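This briefing is set out by topic, beginning with the terms in use. Please read it alongside the sequence and the model.

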2 protein chains.
Amino acid sequence: MTQPLRIGIAGLGTVGAGTVKLLQEHDALLAQRCGRAIKVTAVSARERKRDRGIDLAGYRWHDDPLKLAEDPDVDVVAELIGGSDGVAKALVEKSIAGRKHVVTANKALLAMHGTALARLAEAAGVTLAYEAAVAGGIPVIKNFREGLAANRIERVYGILNGTCNYILTTMRKTGREFADVLAEAQKLGYAEADPSFDVDGVDAAHKLAILTSVAFGCEVNFAGIHVEGIRHISATDIAYAEELGYRIKLLGIARLTEFGIEQRVHPCMVPLGTPIAHVEGVFNAVVTEGDYVGQNVAEGRGAGAGPTASAVVSDLIDIARGRTLPAFSIPAAQLQKLPVSPMERHRGAYYIRLMVVDRPGVIADVTAALRDEEVSLEAMLQRGRAPDEAVPVVLTTHNAVEASMRRALARIENLKTVVEPPRLIRVETL
Amino acid sequence: MTQPLRIGIAGLGTVGAGTVKLLQEHDALLAQRCGRAIKVTAVSARERKRDRGIDLAGYRWHDDPLKLAEDPDVDVVAELIGGSDGVAKALVEKSIAGRKHVVTANKALLAMHGTALARLAEAAGVTLAYEAAVAGGIPVIKNFREGLAANRIERVYGILNGTCNYILTTMRKTGREFADVLAEAQKLGYAEADPSFDVDGVDAAHKLAILTSVAFGCEVNFAGIHVEGIRHISATDIAYAEELGYRIKLLGIARLTEFGIEQRVHPCMVPLGTPIAHVEGVFNAVVTEGDYVGQNVAEGRGAGAGPTASAVVSDLIDIARGRTLPAFSIPAAQLQKLPVSPMERHRGAYYIRLMVVDRPGVIADVTAALRDEEVSLEAMLQRGRAPDEAVPVVLTTHNAVEASMRRALARIENLKTVVEPPRLIRVETL
């Protein structure tokens, strides 16, 4: 048996501690599967004394995580600190410079600096692996780089944030409003005290940026993503979605259009008959459409100590087995710089909810605005009557251009009988 | 750039022709992703002149597929002939002996001779890869060998036969009976003229045997699988399943029990709230339960030229990149010989449908038989009355031992008021 692969773990939070636990518990199993042992040799975290429920006695302790990059007994640095810059970035760069392989769960770092880090790793001849950065335990990066690599990818979309999916699922099941369910999710530990990173779509966008790069062979471009979160989704919208045969999901979607690469994160109406509609609670899922394989769905837990540790260790297994690939599947120098397909040129169907004064002529004004912008109506629903009071009206459209839709909505918002800003949710054809 | 990887294709049916087409169409893409070209150099099939919609002009033609094993311009033989023995087996053995890598889509061959072939390949230092043999385009073998390899697998189950799933889905959606839907599937080309291989569960069992080996690190044991097909599923059962909150799916299931390895293929009642219940039509899905990753679902097209070619070529990509692993993840000599956990000792819940004469006392006789065998009743449904005529009665049980259940059913079948053999469908806790 060859020499053990020696791991230095930076960060002993949930994921770091979970990774150490897995490597300890499955020591023999991993040695059998890899043909060599995978051993933690050094760790680094802020508080040395904290009880993490794992035995750290045999490992060298570094107060400064950057020391892992210099530790001669470390072959691979597992960066499990997080954050797009600061010490996490410094550690990854220094580890690569020190010709150590790097495994990371850090989506923000890769979304911001993925292409540059991939170049550094290739130049140094080391692996930069990040299975845990996207969709937790689901081996989705491996799917793109290997399992589905025979395909030209046509579209990728997914539920990439478990907090949002938990909130939307709970809203649907209980009929409660966003703020109420969010507060409960915070109490249960499913949402952070500052939830904006999750509920405003930023976390999903980080993951989408990475997926897009590995799926389409282009440079990571987080700034090119159109991002909307779920704060404006109401219980009313969820109930209407159900009535119309849809569920509302926060999706990250990437595809090539005639204008370039389209990347967007926003709430979608997805048809009830599609697999993604049934991905509920904290589960994540990624759907890949390849030209030969057709539709491929990968679903699993997107966060948590166990699933994330599973993904981190799968990268360590690849390294232990001597399997390495360019970070984004093809050499970084060959990654394309694709133009951003602007959201204004997006074509799709739309759900619009208006609060209007229940008075004759209102619908005529609304539909005239749509007609003038060449947005063609598919259906209209107005439930209940309350003369001269505000009532919801729901419209769905056929495929239309986003810019036209926005112009029509601006006109509609200015109507005196429309008493709240219109709500728009895109209907996704899956 | 290194030398091209040279492929010899044996069999130019749907899968073989699809593989050639993919390799031709994605020539440049694959060369970029692999760092070297993947080139077909030789082919073999029965009829040379048949039009397959692909250009074979540049390839050496062998009337005898075994010649591929000797062709000096072939590095990898892709065995796409099929069948558990005969020429397919001879070709794989001869190719390995000639130190050529082998990629195959042949589930029957691996289910029968997988362990022996894995030993031969290891001894010769070549790769034996078979992603296409299980669940078509879904990279499920790669999931077990790599993506989820950090986990001890607790249970694997899946929808492994698209024909059966298409029939069950259509029966549910139309209310029609098995024979009727099967005849239509045959007309549409979704089922073979002789459908027994599919509808009696044999094809699913071949795939399960392979999955079990790679998931649990044991020798392939097709003979140890309990196999039942879907011929006895009636429209009545499907309607009752729906009413009780279930769907009926043909599942292949493997898990470790206190008695050994349990492998079974049979129709199951699966709860509507589970991902597998929503896998419909010709789609396949594999659910993995790992101790760290939790539940992981992979869904996609399980058959057809495109998805199968995608899987075959993913294996070729691995070989082109110089990535090789033992066929069943760990060296063949280390695969365990696990005892078979007998079906009689299986514990689970059951759905039973009886046709009984509608007469006082019948239910008392039935429930007495269950009580005597210590089978505890969960629910009983009798819809409609028709005094002195045959009516369906449906029972569901709590967890019980299969042997007890069978004894109770034998007693029930002998009751004078029970006019048809009882139907049993296992309820799976997922």
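A residue is called buried if 20 or more other C-beta atoms lie within 10 Å of its own, exposed if 12 or fewer do, and partly exposed in between, with C-beta atoms placed from the backbone. By that criterion 6 of the 8 residues of strand 12 of chain A are buried, so this strand is largely enclosed by the rest of the structure. Helices (H or I, at least four residues) and strands (E, at least two) are DSSP runs numbered from the N terminus.

The model is predicted: local features need pLDDT of at least 70, side-chain atom pairs count only at pLDDT 80 or more, and totals for chains, interfaces and linings use all residues. Residues are numbered from 1 along each chain as its sequence is written, while chains are lettered from A and ligands numbered from 1 in the order in which they are written.

**The contact between chains A and B**

- Chain A gives 42 residues to the contact, and chain B gives 42 residues.
- On the side of chain A that touches chain B, helix 2 (27-34), helix 5 (140-147), strand 12 (294-301) and helix 11 (305-320) each supply at least two residues.
- That side of chain A comprises 17 nonpolar, 17 polar and 8 charged residues; Ala, Val, Leu, Ile, Met, Phe, Trp, Tyr, Cys and Pro count as nonpolar, Asp, Glu, Lys and Arg as charged, and the others, Gly among them, as polar.
- Strand 12 of chain A runs antiparallel to strand 12 (residues 294-301) of chain B, and 5 bridges join them; two strands pair if DSSP finds at least two bridges between them.
- Within this pairing, A:Ala298 stands opposite B:Ala298, and A:Asn296 has B:Gly300 as its bridge partner.
- Within chain A, strand 12 is also joined by 8 bridges to strand 11 (residues 283-290), in the antiparallel sense.
- Strands 11 and 12 of chain A form a hairpin with 3 residues between them, and A:Thr288 has A:Asn296 as its bridge partner.

**The parallel sheet**

- In chain A, an open sheet of 6 strands has the order 3-2-1-4-5-6 with parallel pairing.
- Strand 3 (60-62) and strand 6 (128-129) of chain A stand at its edges with a single partner strand each, so one side of each has no neighbour in the sheet.
- Strand 1 (residues 5-10) of chain A pairs in parallel with strand 4 over 4 bridges, and A:Ala10 stands opposite A:Glu79 there.
- Strand 1 of chain A is also joined to strand 2 (residues 38-44) by 6 bridges, running parallel; A:Gly8 has A:Ala42 as its bridge partner in strand 2.
- Strand 4 of chain A runs parallel to strand 5 (residues 101-104), with 4 bridges joining them, and A:Glu79 is partnered by A:Thr104.
- The chain passes from strand 4 through helix 3 (residues 86-97) to strand 5 in a right-handed β-α-β crossover, meaning that, with the strands pointing away from the viewer, the path from the first strand over the helix to the second runs clockwise.
- Strand 4 (residues 76-79) of chain A is covered on both faces: A:Val76 and A:Ala78 on one side, and A:Val77 and A:Glu79 on the other, are all buried.
- Chain B likewise has an open sheet of 6 strands in the order 3-2-1-4-5-6, with parallel pairing.

**A positive phi in each chain**

- Most residues other than glycine have a negative phi.
- A:Arg99 has a positive phi, near 55°, and lies in the loop between helix 3 and strand 5 of chain A.
- A:Arg99 counts as exposed, with 11 C-beta neighbours inside 10 Å.
- B:Arg99 has a positive phi of about 55° and counts as exposed with 12 C-beta neighbours inside 10 Å.

Key: Two residues are in contact if their C-beta atoms, placed from the backbone, lie within 7 Å.
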